[in-house]
Amino acid sequence: MPLQYIVSDTKSGFDQLKIEDTKEVQSLKPNEVQVNLKAASLNYRDLIITKGMYPLHLNLPIVPGSDGVGVVEKVGSDVDEYKPGDKVVCNFFADYVDGKPTQHGYGSALGGTVNGAFRKVGFFPAHALNHAPRNLSFEETSTLPCAAVTAWNALFGSEDKLKPGQNVLIQGTGGVSIFALQFAAAAGARTTVLSSSDEKLKIAKNLGATNLINYKTNPEWAKPALEATDNVGYHHVVEVGGEKTLGQSLDVLVLGGVISSIGFLAQEGASLNVTSLIGKILNKNAIIRGIFVGHVHMFADMIACIEANDIHPLVDKVFPFEQLREAYDYLWSQKHVGKVVLKIDS
């Protein structure tokens with residue numbers, strides 16, 4: 001039987017991550033594709049699900065992991081667009097194909113409400129798949145479904161798309177942030193990256209960052225961030241900190257600028273009261289978008305950009321399939337820059 005990991009509860013933490021045999025032989029539905037998975041990448045979401053910190057609905061027990069890539073083994077009788085041997089990558093939401101989000105689409109999140117990618121063999125609806133980028137390895141491709149699509153949605157997923165020459169503020173050097181930097185640089189934007197580590201900022205510089213700010217040594221980072229734009233401000237802010245950073249994000253925003261709210265990672269900083277926060281939003285005529293990954297067609301557009309610009313994801317470390325627990329520990333330590341990957345099969 002094919003091997004897989006299972007998350008059974010939200011209390012046992014990483015200790016529950018053990019390999020087990022698939023208990024049932026799954027039959028291939030007419031609209032499905034059987035994929036021999038080759039690599040999968042980890043996200044912060046995977047970690048907090050096991051610790052009871054994830055705020056959204058889960059269907060447990062479940063195969064964890066939202067990000068996987070592999071090779072088609074079989075296709076159902078109704079599938080025309082894929083054939084055995086094709087390299088494919090699955091969308092984070094299996095049933096969110098295009099347009100505005102729906103409850104049905106959001107109810108199909110890999111590793112949360114439907115079985116995910118930390119297994120040897122997966123069965124996915126054909127409409128959830130895209131052909132993998134031709135210029136990337138399996139390990140690189142596995143990093144795309146959650147972090148890269150989230151970054152792409154933040155910058156290009158609304159009517160207020162990023163334009164060449166605009167200013168982008170990017171918080172952190174995790175998966176979403178690094179992809180946002182790479183996409184913004186490819187689009188000809190000027191970027192300012194915040195990090196607590198000078199070493200991580202050097203990596204960001206090598207990936208095309210225009211300006212660098214260490215927020216540990218500059219906790220009031222809004223001032224140097226504005227100065228870096230000659231006090232013009234930022235047209236887009238990739239906001240991963242949450243309540244501890246949102247106030248300063250609003251301070252550096254141009255009038256009518258876009259803040260893409262993605263996470264709540266910041267542990268330090270001043271929380272704003274609601275009145276002050278609303279005042280800042282109104283004063284800046286700010287557009288604040290909550291970003292929850294994106295749809296299949298958005299993923300396809302992003303893949304076209306990756307191929308055209310030969311963008312390569314930053315893979316920090318690759319763990320063998322048997323060391324998922326170690327991979328979780330490493331990601332939790334926040335020592336990484338870019339993505340942590342699980343190599344499933346050669």
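Predicted model: local features only at pLDDT ≥ 70, side-chain atom pairs only at ≥ 80, totals over all residues.
Q: Where is L226 found?
A: L226 is found in helix 7, residues 222-227. Helices (H or I, at least four residues) and strands (E, at least two) are DSSP runs, numbered from the N terminus.

Q: And N231, is that buried or exposed?
A: N231 counts as exposed because its relative accessibility is 57%; exposed means over 50% relative accessible area, buried under 20%, and partly exposed in between, with a 1.4 Å probe and protein chains only. N231 sits in the loop between helix 7 and strand 11 (234-239). Its phi is positive, about 65°, although N231 is not a glycine.

Q: Which peptide bond is cis, then?
A: The bond joining L60 and P61 is cis, with omega about 0°. P61 lies in the loop between helix 1 (44-50) and strand 4 (67-75).

Q: Changing topic: at what angle do helix 4 and helix 5 pack?
A: Helix 4 (residues 144-156) and helix 5 (residues 175-186) pack at about 50°, with their axes 8 Å apart. Therefore helix 4 is oblique to helix 5. Axes are lines fitted to C-alpha atoms, for helices over the stretch in contact, and angles run from 0 to 180 degrees between N-to-C directions. Angles under 35 degrees count as roughly parallel, over 145 as roughly antiparallel, 65 to 115 as roughly perpendicular and the rest as oblique.

Q: Which residues make that contact?
A: Helix 4 contributes L144, A147, A148, T150, A151, W152, L155 and F156, and helix 5 contributes G175, V176, F179, A180, F183 and A184.

Q: What about T22, buried or exposed?
A: T22 counts as buried because its relative accessibility is 19%. T22 lies in the loop between strand 2 (19-21) and strand 3 (32-41).

Q: Which backbone oxygen does its side chain reach?
A: The side chain of T22 reaches the backbone oxygen of P2 at 2.7 Å.

Conventions. Residues numbered from 1 in each chain as written. Heavy atoms only, no water. Contact = heavy atoms within 4.5 Å. Polar contact = N/O pair within 3.5 Å; in protein donor to acceptor, adjacent residues only side chain to side chain.
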